[in-house]
Amino acid sequence: MSRIITALSIAALLAGCDGKNPFQDEVVATNEETGETELVDDNDPNTDVDNKFAYDPERNLTMNSVDYDDNGTPNDPTDDTVVINNLPFDGPDGVYDDIAGADTTNADGQTTNIFQNTENTISGEIQYYAVMVRSDFLEASSAASEDWTNFGFAGANVNRESYVIPDDFQGSYVYAGVYAATRTYDERGGLELIRGDATLRLDVPDIDPLDGLQGTIAGNITNRTRDGIGDQMVGDLPDISLRTVTFNTDTGVWEDGDAGTYDYVNGDRIERDSGTYDGLIAGTNGEELGGYLIVEGVADIQTVEFEVVIWEDIDGNINETNGYDVADAVAIQTTVNNGNPVGLLSVTGGIDIPATATVLSTTTETIDIQTDYNAREIGVFVTDLQP
């Protein structure tokens, strides 16, 4: 399928005598390939403390309902389905089917799975993917499409089965679990599906309550890898730091924690991604923590290797030529932008150095090259209290 473009417009819709604002703004998504439009309802779904959505129509985060169904076979994921509401052009019913072989279950019983809608069953439908992580008390999901030429319409949700204020919070606790994410780009189509590990720490008594907030939550997302179902760019993905945030003791909810990554580019430490994370404490005694995060930053950083050749000319002069300087810089950047490996940039005798040159040494060095565009990662995680 050729890529389509996100067109976000505001329509002033005239209403009759129904009590609505006659100039109420509503977001409309347009498929510029087919000309079809679809209304994106701006009703905020965050009305239940046990069911949190990353909802922000101004950022095209519009998903406002997620329903998972194991269809009566809890031990067989192949017939599992997810119904997602409010993502434009994902199909009339918003049904996403299990992708064969994509599910995993770890030793703690936490599951990760990937779903997709049925593409092209009707005119204008485009390909979306959803990742879901589940534990005993928590369920979290993220969805996005590969067919927008910017970040596109997407969303995240975390919901819990129960939460009871623990009666024995007396110290610090460690929670460990799984992470999954959708990752799209701001200037091109495509989508990466990310898996990883999540570790969170909870400290309750060391911070005195203030306006109903108490305790500290912090953690990190590690071992971020790209699943083969989606795109696979070249550079490694750094750990995500989930920096300290306090939670509400009555609801077990935390909001707008600071999330981000750091990386090294040609020896310099840079802040690569930045964003926020939100979540819930779950279980009958605080046994689980789960949530979602949204971070944005450079899409890929590829470490490119090039040859450095020291050579002597026929007059006895010593020269140096390196493969990066003699290569086509535009072609290299295009290759990095396309997510493909550049490979070794060689020095070619008779072209880059004279055929009569005497090569004295050949070594290799590296340079880090960033994509010209950013990525937005919408991730979800569930964790269990560790012994």
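Which residue forms a salt bridge with Arg 272? The partner is Asp 263, and the closest N and O atoms of the pair are 2.8 Å apart, where a salt bridge is a side-chain nitrogen of Lys or Arg within 4 Å of a carboxyl oxygen of Asp or Glu.

This is a predicted model, in which local features need pLDDT of at least 70, side-chain atom pairs count only at pLDDT 80 or more, and totals for chains, interfaces and linings use all residues. Residues are numbered from 1 along each chain as its sequence is written, and side-chain values use heavy atoms, with hydrogens and water left out.

**The chain as a whole**

The secondary structure comprises two helices and 23 strands, taken as DSSP runs numbered from the N terminus (helices H or I, at least four residues; strands E, at least two). Of the 387 residues in the chain, 50% are buried, a word that stands for under 20% relative accessible area, with exposed meaning over 50% and partly exposed in between (1.4 Å probe, protein chains only).

**Salt bridges**

The count comes to 14 salt bridges, and the table gives three of them.

| Pair | N to O distance |
|---|---|
| Arg 134 and Glu 139 | 3.5 Å |
| Arg 183 and Glu 377 | 3.3 Å |
| Asp 263 and Arg 272 | 2.8 Å |

The bridge between Arg 183 and Glu 377 links distant parts of the chain, since Arg 183 lies in strand β13 (residues 172-185) and Glu 377 in strand β23 (residues 374-385), 194 residues apart. Both Arg 183 and Glu 377 are buried, and Asp 263 and Arg 272 are buried as well. Salt bridges that share partners join Arg 183, Glu 192, Arg 224, Arg 226, Asp 300 and Glu 377 into one network.

In the remaining pair of the table, Arg 134 counts as partly exposed at 26% relative accessibility, whereas Glu 139 is buried at 14%. Arg 134 is also 6.7 Å from Thr 112, C-alpha to C-alpha, although the two are 22 residues apart in sequence. Thr 112 itself sits in strand β9 (residues 111-117) and is buried, with a relative accessible area of 5%.

**Helix α2**

Helix α2 (residues 329-337) has Ile 332, Val 336 and Asn 337 as its buried residues. Seen down the axis of α2, they fall within an arc of 135 degrees, so they line one face of the helix, the arc being that of the directions from the helix axis to the C-beta atoms. At the N-terminal end, Asp 328 caps α2, with a side-chain oxygen 3.0 Å from the backbone nitrogen of Val 330.

Note on methods: Polar contact = N/O pair within 3.5 Å; in protein donor to acceptor, adjacent residues only side chain to side chain.
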